[in-house]
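Open the model in your viewer and keep the selection panel at hand. The stops below go from the core to the aromatic rings.

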Amino acid sequence: CWSGDTAGGSFGFPTWRDNPQFLLWPGAAGWVTVTLTQEQPQRPDSRGLSPLTYITVAVLRGCGLKRAIEFTKGVLMAEAPCAQETSVQVTVLLEQRCRSTGGDPYVVIPATLWPARERGFLLSVEPALEPGIPWDLPPEKVSGDGLLLLEPVDPRTDWVR
């Protein structure tokens, strides 16, 4: 969830680095859809405004097992348009990255438009079977590292703050 120091806001704010970040290890090359769904607040807004906040999600090239600290064209793989919706998603073509064979994982960063917007969220990643573009999945990739592995950045291997 985004709360306290982890509610960093979108990529136009220097605090975006504080958002939760997740390492993504695709077990095979192919198209992947990343979906971010925000939790609905318990109480509706007393002013009649939408209870939803603006959200986005980005996929970046990783830098080892650490959180991303730069957001540039060379690092950005894909970003969902920021929207005041329950869910946003982005589909991106990724190369294989397995823990067992090495290679830096991708980094997935969910964000709200503004910093300090506290809210729970659900992040999901799944193969995107687009017409005419096969998902290259050898049988050995179904086991072992799995098809798609998504895990939070481990504070023990992260940059020193």
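Predicted model: local features only at pLDDT ≥ 70, side-chain atom pairs only at ≥ 80, totals over all residues.

Residues are numbered from 1 along each chain as its sequence is written, and side-chain values use heavy atoms, with hydrogens and water left out.

Select V34, L36, V57, V59, V108 and L123: they have the most contacts inside the largest nonpolar core, which has 22 residues. Such a core is a set of buried Ala, Val, Leu, Ile, Met, Phe, Trp, Tyr and Cys residues joined through side-chain atoms within 4.5 Å; buried means under 20% relative accessible area (1.4 Å probe, protein chains only). Next, colour β1 (22-26), β2 (30-38), β3 (55-61), β5 (87-94), β6 (106-112) and β7 (121-127), which each give two or more residues to this core. Strands are DSSP runs (E, at least two residues), numbered from the N terminus. The largest share, 4 residues, comes from β5.

Centre on V59. Beyond its neighbours within four places in sequence, its contacts (heavy atoms within 4.5 Å) include V34, V75, V92 and V108.

Now show W2, F22 and F121, which form one aromatic cluster. Rings of Phe, Tyr and Trp (its six-membered ring) pair if their centres lie within 6.5 Å, and planes over 60 degrees apart count as edge-to-face. The whole structure has 4 aromatic pairs. The ring centres of F22 and F121 are 6.4 Å apart and their planes stand at 90°, so this pair is edge-to-face. Because F22 lies in strand β1 and F121 in strand β7, the pair ties together parts 99 residues apart in sequence. F22 is buried at 16% relative accessible area, and F121 is buried at 14%.

Note on methods
Buried < 20%, exposed > 50% of the residue type's maximum accessible area, 1.4 Å probe, protein only. Phe/Tyr/Trp six-rings, centres within 6.5 Å; stacked < 30°, edge-to-face > 60°.
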